[in-house]
Amino acid sequence: IVTDSEKILEFLETRKGRMPYTDSSSPEVIRSKFQISKAAFKRALGRLIKEGRIEEKDGWTFLKQ
């Protein structure tokens, strides 16, 4: 089973470690890109930020090296 956090990490890896989606992105965009609810997306982002794996800056989400 792929978790929501893993989906986000995989997406970031295919986009050279950056994506124009954050916890303030619209629910429609989140659902179309990740097939998950905005609440699930925010939980997954929060978890990844807490783990130090990603960061949000200027409306973008970046994979930390």
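Is Lys 16 buried or exposed, and at what relative accessibility? At 79% relative accessibility, Lys 16 counts as exposed; exposed means over 50% relative accessible area, buried under 20%, and partly exposed in between (1.4 Å probe, protein chains only). The legends below describe close-up views of a predicted model, in which local features need pLDDT of at least 70, side-chain atom pairs count only at pLDDT 80 or more, and totals for chains, interfaces and linings use all residues. Residues are numbered from 1 along each chain as its sequence is written, and side-chain values use heavy atoms, with hydrogens and water left out.

**View 1. Lys 16 in the loop between helix 1 and strand 1.** Helices (H or I, at least four residues) and strands (E, at least two) are DSSP runs, numbered from the N terminus. Lys 16 follows helix 1. Its phi is positive, about 55 degrees, although Lys 16 is not a glycine.

**View 2. Asp 58 in the loop between strand 2 and strand 3.** Asp 58 is a residue other than glycine, and its phi is positive, near 50 degrees. Asp 58 is exposed, with a relative accessible area of 73%.

**View 3. The buried and exposed residues of helix 1.** Helix 1 spans residues 4-14, and its buried residues are Ser 5, Ile 8, Leu 9, Phe 11 and Leu 12. Seen down the axis of the helix, these buried residues fall within an arc of 160 degrees, so they line one face of helix 1. The arc is that of the directions from the helix axis to the C-beta atoms. The face turned away from the buried side carries the exposed residues Glu 13 and Thr 14. What covers the buried residues includes helix 2 (27-34) and helix 3 (38-50), together with strand 1 (18-19), strand 2 (54-57) and strand 3 (60-63).

**View 4. Helix 1 against helix 3.** Two packed helices are described by the angle between their axes and the distance between the axes. Here the axes of helix 1 and helix 3 come within 8 Å and cross at roughly 75 degrees. That makes helix 1 roughly perpendicular to helix 3. Angles of 65 to 115 degrees count as roughly perpendicular, those under 35 as roughly parallel, those over 145 as roughly antiparallel, and the rest as oblique. The axes are lines fitted to C-alpha atoms, for helices over the stretch in contact, and angles run from 0 to 180 degrees between N-to-C directions. On the side of helix 1, the residues that meet helix 3 are Asp 4, Ser 5, Ile 8 and Leu 9. Their partners in helix 3 are Ala 40, Phe 41, Ala 44, Leu 45, Arg 47 and Leu 48. By class, this contact has seven nonpolar, one polar and two charged residues. Ala, Val, Leu, Ile, Met, Phe, Trp, Tyr, Cys and Pro count as nonpolar, Asp, Glu, Lys and Arg as charged, and the others, Gly among them, as polar.

**View 5. Ser 5 in helix 1 and Leu 48 in helix 3.** Ser 5 counts as buried, at 6% relative accessibility. Leaving aside neighbours within four places in sequence, Ser 5 is in contact (heavy atoms within 4.5 Å) with Ala 44, Arg 47 and Leu 48. Leu 48 is buried, with a relative accessible area of 0%. With neighbours within four places in sequence left aside, Leu 48 is in contact with Ser 5, Ile 8, Leu 9, Arg 53 and Ile 54. Leu 48 and Ile 8 are 40 residues apart in sequence, and their C-alpha atoms are 9.1 Å apart in space.

**View 6. Ile 54 in strand 2.** Ile 54 is buried, with a relative accessible area of 1%. Not counting residues up to four places away in sequence, Ile 54 touches residues including Leu 9, Leu 12, Leu 45, Leu 48 and Phe 62. The C-alpha atoms of Ile 54 and Gln 65 are separated by 8.7 Å, and the two residues are 11 residues apart along the chain.

**View 7. Ser 25 in the loop between strand 1 and helix 2.** Ser 25 is buried, with a relative accessible area of 12%. A polar atom of the side chain of Ser 25 lies 2.9 Å from the backbone nitrogen of Thr 22. Leaving aside neighbours within four places in sequence, Ser 25 is in contact with Pro 20, Ile 30 and Lys 38.

Terms used: A polar contact is a pair of N or O atoms within 3.5 Å; within protein, one must be able to donate a hydrogen and the other to accept it, and residues adjacent in sequence count only if both atoms are side-chain atoms.
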